[in-house]
Amino acid sequence: RSHWCARPNGPSAALRGSARVFGFGIGSSVNRYLVEGVGRAGRGAAEVVDLKEPLDEAVDRLFRRLDRPVLTDLEVAFEGAEVTDLLPARLPDLFAGQPLVVAGRVRSGVPSHVVLRGRLGERPYEARLPVASGLAGGGSGTEQPVAGTLWARRRIDDLLSARPTAPPAEAVEEIVGHALRFKLVTPYTSFVAIERELRLDPKLPLAQAIVPNVARVLQAAREQ
């Protein structure tokens, strides 16, 4: 049994080498952040199983993934557009029954194809896949809220987990900027409900009422 730190840029990344680390949690009180962080930083996968789900099936499913990585050492490139800030920056392996989701920012152009390179067993692998027309229409992240929010959430998570202590001031500034633009809750931002309609007549006079002390009310009730 070994203990492993989920910091992707820490000393454990060098010690891991070409190995893969998987996170697996059971129950409703699992630290999902840790389990998913271990899988992400270890270039493996993560899964949290509820107690209502048969554990034998979940464990078998995990071991099937461990035994059958479809593609390893993946790299992705885009044709027709300049795409930057890909997240995750280092792609995990592709396992059977698990999708690979990559988010990035289109700086210029319109992506027409995605080129995926990796290794299939011991052999090199390459595939050129067309980008769906609805997703290649351009526009800013706020004009495509699902894709933009996905990228922003991943970027914020990267900034928050880059170091074991609080992020530096420039990282906090970037976190707040992304959170405000994409309406995300972070350790530095939150939602505030604002009444837009006045439901009381401001002309009505104010009334004063004496609110009894709760402790005195309870004491009086006990004495009765």
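Biologist: Leaving aside its neighbours within four places in sequence, which residues is T72 in contact with?
Modeller: T72 touches D93, G118 and R119, where contact means heavy atoms within 4.5 Å. This is a predicted model, in which local features need pLDDT of at least 70 and side-chain atom pairs count only at pLDDT 80 or more, while totals for chains, interfaces and linings use all residues. Residues are numbered from 1 along each chain as its sequence is written, and side-chain values use heavy atoms, with hydrogens and water left out.

Biologist: Where does T72 lie, and is T72 buried or exposed?
Modeller: T72 is in strand 3 and counts as buried at 18% relative accessibility. Buried means under 20% relative accessible area, exposed over 50% and partly exposed in between, with a 1.4 Å probe and protein chains only. Strands are DSSP runs of E with at least two residues, and helices are runs of H or I with at least four, both numbered from the N terminus.

Biologist: Changing topic, how many aromatic pairs does the structure hold?
Modeller: There is 1 aromatic pair. F22 and F95 have ring centres 5.3 Å apart and planes at 70°, so they form an edge-to-face pair. Rings of Phe, Tyr and Trp (its six-membered ring) pair if their centres lie within 6.5 Å; planes under 30 degrees apart are stacked, over 60 edge-to-face and the rest tilted.

Biologist: Which strands do F22 and F95 lie in?
Modeller: F22 is in strand 1 (residues 21-26) and F95 in strand 4 (residues 94-95), so the pair ties together parts that are 73 residues apart in sequence. F22 is partly exposed at 22% relative accessibility, whereas F95 is buried at 4%.

Biologist: What about the packing of helix 4 and helix 5?
Modeller: Helix 4 (residues 145-161) packs on helix 5 (residues 169-182) at an angle of about 160°, with the axes 10 Å apart. The two helices are therefore roughly antiparallel.

Biologist: Which residues make the contact?
Modeller: Helix 4 contributes G148, T149, W151, A152, R155, I156, L159 and L160, and helix 5 contributes A171, E174, I175, H178, A179 and F182. By class, these residues divide into 9 nonpolar, 3 polar and 2 charged. Ala, Val, Leu, Ile, Met, Phe, Trp, Tyr, Cys and Pro count as nonpolar, Asp, Glu, Lys and Arg as charged, and the others, Gly among them, as polar.

Biologist: Finally, how many helices and strands are in the chain?
Modeller: The protein chain has 6 helices and 6 strands, in the order α-β-α-β-α-β-β-β-β-α-α-α from the N terminus. Of its 224 residues, 26% count as buried. Among contacts with a separation of 6 or more, 52% come from residues 24 or more positions apart.

Terms used: Axes fitted to C-alpha atoms, helices over the stretch in contact; angles between N-to-C directions. Parallel < 35°, antiparallel > 145°, perpendicular 65-115°, else oblique.
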